[in-house]
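User: Please walk me through this structure. I want each label tested against its definition.

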Amino acid sequence: MSRSKRLTDADRMEIVREAAEGVSTSVLAERFGVSVRAIQYTLKADAERQTDAAIPVSAVSVKVTAAELEALDDVLATAGIESRAEGLRRLIQAAGGVFVPDAQMAAEMARYRASLHEVGNGVAQIAKQMTQANRQGQGAGSEFTELRLAQMRGLARFILDSADEIDLLLRRRRDAMQLEATAALREFAHAAE
């Protein structure tokens with residue numbers, strides 16, 4: 001069976017719902033006529049979307065001395081952070097290992113990475129269909145030559161590798177920002193002494 005069906009938004013929502021109920025990826029792949037990898041990407045994209053769309057709903061209140069507040073304002077100004085709320089949000093995120101100072105850029109890059117993966121998967125599916133057509137003797141024309149198949153595989157590999165490079169770039173940036181947050185937290189600790 002060819003696994004080249006394109007998932008609709010309704011399909012994706014159903015896949016996420018059923019996976020949450022414990023339906024296996026192989027069963028979902030069979031039911032929706034796609035590869036197991038397509039199901040895994042759908043679930044991963046949904047998890048990333050939920051993380052990116054996190055909306056702040058809790059407030060934090062703390063009493064500090066005037067000197068502590070002045071020290072906080074100085075550190076925030078040095079870091080180019082315009083509000084205390086944003087500074088505290090970043091420090092809280094750093095403590096949880098999720099320090100992402102530019103949430104909008106991170107969300108855009110995540111969408112770009114997901115798009116690249118989708119295109120790469122599409123190209124990979126085309127290459128698989130071309131290979132299958134050649135095996136069945138249907139690819140007698142020049143459009144299914146071994147050179148074209150190799151080019152399609154190379155393009156798919158390039159697209160998927162590009163998406164992975166974007167992911168690595170974001171991880172490196174986040175790690176660097178975590179180091180900066182840790183240094184800022186140390187400054188707070190030393191200022192309190």
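User: What makes L116, V123, A127, M130, L149, M152, A156, I159, A163, I166 and L170 a nonpolar core?

Analyst: These 11 residues form the largest nonpolar core of this predicted model. The term covers buried Ala, Val, Leu, Ile, Met, Phe, Trp, Tyr and Cys residues joined through side-chain atoms within 4.5 Å. Buried means under 20% relative accessible area, exposed over 50% and partly exposed in between, with a 1.4 Å probe and protein chains only. In general, nonpolar side chains tend to be buried together in soluble globular proteins.

User: Which elements give two or more residues to this core?

Analyst: They are α6 (103-135) and α7 (146-192). Of these, α7 gives the most, with 7 residues. A second, separate core has 7 residues, including L7, L28, F32 and V34.

User: What does A156 touch, beyond residues up to four places away in sequence?

Analyst: A156 touches G120, V123 and A124. Contact here means heavy atoms within 4.5 Å.

User: Why is D11 called buried?

Analyst: Its relative accessible area is 14%. The cut-off is under 20%, so D11 qualifies as buried. D11 lies in helix α1 (residues 9-20). Leaving aside neighbours within four places in sequence, D11 is in contact with K5, R6 and F32.

User: How do you know that the span of α4 agrees with its number of residues?

Analyst: Helix α4 (residues 66-79) has 14 residues. The expected span is 1.5 Å times one less than the number of residues. That gives 20 Å, and the end C-alpha atoms are 20 Å apart, so the two agree. Helices are DSSP runs of H or I with at least four residues; strands are E runs of at least two, and numbering starts at the N terminus.

User: Why say that the buried residues of α4 line one face?

Analyst: L72, V75 and L76 are buried in α4. Seen down the axis, the buried residues fall within an arc of 100°, so they line one face of the helix. The arc is taken from the directions from the helix axis to the C-beta atoms. The face turned away carries the exposed residues A66, A67, E70, A77 and T78. After α4 comes G80, with a positive phi near 80°.

User: How many helices and strands are there in the protein?

Analyst: There are 7 helices and 0 strands. Buried residues make up 26% of the 193 residues.

User: What rules apply to the numbering and the atoms?

Analyst: Residues are numbered from 1 along each chain as its sequence is written, and side-chain values use heavy atoms, without hydrogens or water. As the model is predicted, local features need pLDDT of at least 70 and side-chain atom pairs count only at pLDDT 80 or more, while totals for chains, interfaces and linings use all residues.
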